[in-house]
Amino acid sequence: MATKNVVIIGGMTLGAKVACRLKRLQPHWQVTLVEQQPDIAYASCGIPYFLAGDVPELQGLMTTSFHMVRSTNFFENAKDVRIKIRTVALAIDRQAKKVRVCYLDNAQEEELPYDFVVLATGSQPVSLAVPGAELSDVSAVSTLKEAREIRDRLSRGKITRVVVIGAGLQGCQLAAAASDLWGVETSLIETSPQVLPGLLDPPLARMVQQHLQERGVEILLQETIKEIRPGGADHALEVVTGGSRRATDLVLTALGSKPQTKLAEQAGLLVSPAHGIIVNQRLQTSDPEIYAGGGCAAQLHLITGKSVYFHEVSLAHRQGRVIGTNLAGGAALFPGIVGSFAGKMFDLAVAGTGLTLAAARQEGLEPVAALVVQQDHAHFYPQADLIYLQLVADRQTQRLLGAQGVSHNGDALVGRISSIAALLQQGASLADLANLEMASTPPFTTALDIVNAAANTAENMVAGYNQAITPEEFQRLFLEEAPDNLMVLDVRGAANAAPFVGYFKDRWLNIPQETLRHRFSEVPRDKRLILVCNAGLRSYEALRQLQTQGFTNAVGLQGGIASLKKAGLLTIT
Ligand SMILES: Cc1cc2nc3c(=O)[nH]c(=O)nc-3n(C[C@H](O)[C@H](O)[C@H](O)COP(=O)(O)OP(=O)(O)OC[C@H]3O[C@@H](n4cnc5c(N)ncnc54)[C@H](O)[C@@H]3O)c2cc1C
């Protein structure tokens with residue numbers, strides 16, 4: 001039986017997946033995995049949770065679900081894959097069909113012949129380019145080694161202050177981890193005006209920010225790091241931004257990552273420096289005998305049709321399988337991504353898929369965004385949590401564009417986001433989501449699921465029935481600008497509205513929605529009205545009632561008081 005030599009460069013998610021799939025299909029082929037780190041195939045996505053103490057032992061990130069350690073021995077014995085750890089691939093000679101590697105333990109070099117190469121080199125953290133970034137107490141946390149060192153230092157109690165730079169998913173998670181388990185004073189510094197830039201639109205980003213602040217993380221937005229200096233007697237470092245200084249014992253950088261494409265570029269393969277190695281749907285590079293996938297490969301975004309950089313653990317697994325199949329002689333295709341993600345900060349889950357409202361606008365679309373707040377399961381079944389979900393769709397075509405959410409019930413949230421992601425991949429419309437069949441029972445769902453409700457709300461907005469403002473617009477209009485001719489019509493019950501009426505006096509009118517049709521005469525026609533209720537449902541009912549009576553001076557508040565409170569925009573007890 002003809003055998004082939006396959007050299008896989010990079011031994012983490014994608015590399016290990018390709019090796020295992022290929023050996024199952026072609027047991028006689030020689031598969032060699034080259035990895036520069038001392039460990040292979042560990043779950044780097046578990047690092048923030050190890051730092052937070054949710055995962056007690058680092059070993060947990062290195063084991064299979066059946067508790068085998070993914071060691072060199074495991075791969076060699078159980079999978080028959082040759083493993084070369086602490087080995088760097090230096091160059092690919094495409095003429096001679098050889099990969100030149102260097103063994104880090106003895107600096108010896110060797111050339112490995114190949115029939116096929118797989119580039120599984122992943123991504124590398126973006127480094128901080130300011131004076132002082134090289135100081136020893138400044139570190140990224142993307143490898144097992146770094147995670148082990150940082151957790152050891154935190155657990156010894158020597159660190160009392162941490163500055164995290166970058167409020168992306170990893171930065172927010174690191175800040176929560178340092179503050180939560182270790183009680184360390186933590187500051188999170190970000191250049192954008194919001195946390196999770198690019199991932200969440202402002203309404204939901206505000207909720208995450210509020211959650212981090214409530215749990216003790218100091219957040220500094222729109223701050224650019226200028227320098228990191230050695231500190232004084234009390235703290236090792238001082239972080240200097242355009243507008244502030246923070247003394248700290250440790251700086252953790254989380255500035256995002258970029259594709260690791262050096263080998264591909266040197267080998268003359270087609271590469272987009274910002275997005276990764278260019279591949280076709282079979283995940284072949286411009287050289288059909290060299291495949292690439294996961295963090296180092298450029299991905300096709302199925303909504304924009306553009307090439308993007310996107311890395312995610314499940315993506316690496318799915319692409320690994322496609323590559324393994326194709327190497328073995330199969331014909332698997334990978335169509336593209338819609339950009340789904342999830343994370344957890346303290347006890348708050350955040351997840352999203354597709355385009356944000358801001359990204360959709362950048363694409364030149366005319367999007368509509370519906371912010372919906374609903375319980376994760378039936379209100380009469382105990383212990384319901386709220387889900388805050390924002391759905392984005394194209395106003396013209398009603399095509400679904402994206403969704404983002406936060407909730408303390410992460411399982412419920414991620415399930416909903418994943419169902420929307422499945423529709424996004426099909427180019428589905430609001431009507432498809434409104435009619436999406438969701439399995440339902442009171443302990444797990446409401447009778448009409450939040451994803452269906454969000455589609456209905458967006459449809460109502462597109463049709464012009466539901467005219468609504470966002471929590472930020474409410475803050476600006478009602479709390480900051482506060483013109484005389486603007487008032488709130490609170491359509492909740494009297495007990496809920498009373499503190500607000502007491503606080504805002506004649507700027508806050510209460511007429512419960514169930515009494516509204518008998519009290520139209522009390523509704524001012526000479527003022528601009530913002531209708532509010534708890535989550536946005538009753539205010540929409542009230543809006544429709546007023547519209548039928550010829551009122552044209554009213555809009556609803558999306559997500560209601562629940563959203564304002566969750567975002568920390570209105571705190572009245
Ligand atoms: C801290 C952290 C948290 C994360 N959290 C999540 C999460 O919650 N959800 C999620 O979906 N994703 C998460 N990710 C991302 C996810 O882990 C990656 O997208 C996924 O692992 C990509 O897999 P990959 O195999 O393509 O690349 P990588 O995991 O980046 O692996 C590439 C490997 O190639 C090796 N390598 C590179 N160049 C060479 C060379 N020349 N010679 C030898 N070896 C080389 C590297 O050492 C590395 O081990 C997280 C990542 C990190 C670091």
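**Ligand shell, domains and packing in a predicted model**

The shell around the ligand comprises 13 nonpolar, 17 polar and two charged residues. Here Ala, Val, Leu, Ile, Met, Phe, Trp, Tyr, Cys and Pro count as nonpolar; Asp, Glu, Lys and Arg count as charged; the others, Gly among them, count as polar. The model is predicted: local features need pLDDT of at least 70, side-chain atom pairs count only at pLDDT 80 or more, and totals for chains, interfaces and linings use all residues. Residue numbers start from 1 along each chain as its sequence is written.

There are 32 residues around the ligand. Of these, Gly-10, Met-12, Cys-45, Gly-122 and Gly-294 come nearest. A residue is near a molecule or strand if its C-beta atom, placed from the backbone, lies within 6 Å of it. Helix H1 (13-25), helix H2 (47-51), strand E4 (87-93) and helix H8 (313-327) each supply at least two residues of this shell. Helices (H or I, at least four residues) and strands (E, at least two) are DSSP runs, numbered from the N terminus.

The protein is divided into domain 1 (5-124 + 258-327), domain 2 (138-255), domain 3 (347-463) and domain 4 (468-566). These bounds come from an automatic or database domain assignment. The centres of domain 2 and domain 4, taken over C-alpha atoms, are separated by 39 Å. Four residues from domain 2 and six residues from domain 4 make the contact, for which C-beta atoms, placed from the backbone, must lie within 7 Å. On the domain 2 side, three residues are nonpolar, one is polar and none is charged.

Axes are lines fitted to C-alpha atoms, for helices over the stretch in contact, and angles run from 0 to 180 degrees between N-to-C directions. The crossing is right-handed, that is, the near helix is turned clockwise from the far one by less than a right angle. H1 contributes Thr-13, Leu-14, Lys-17, Val-18, Arg-21, Leu-22 and Leu-25 to the contact. Residues from H8 include Val-313, Ala-316, His-317, Arg-321 and Leu-327. The contact holds eight nonpolar, six polar and three charged residues.

E4 also belongs to an open, antiparallel sheet of three strands, in the order E4-E5-E6. Two strands pair if DSSP finds at least two bridges between them. E4 and strand E6 (109-113) are the edge strands, each pairing on one side only. The twist averages 30° from one strand to the next. Strand E5 (residues 98-103) is joined to E6 by five bridges. Cys-102 stands opposite Glu-109 in E6.

A further open sheet of three strands runs E13-E14-E15, with antiparallel pairing. Strand E13 (225-230) and strand E15 (245-248) each have a single partner strand, so one side of each is left without a neighbour in the sheet. Neighbouring strands are turned by 20° against each other on average, direction ignored. Four bridges link strand E14 (residues 237-241) with E15. Leu-237 stands opposite Thr-248 in E15.

Note on methods: Contact = placed C-beta atoms within 7 Å.
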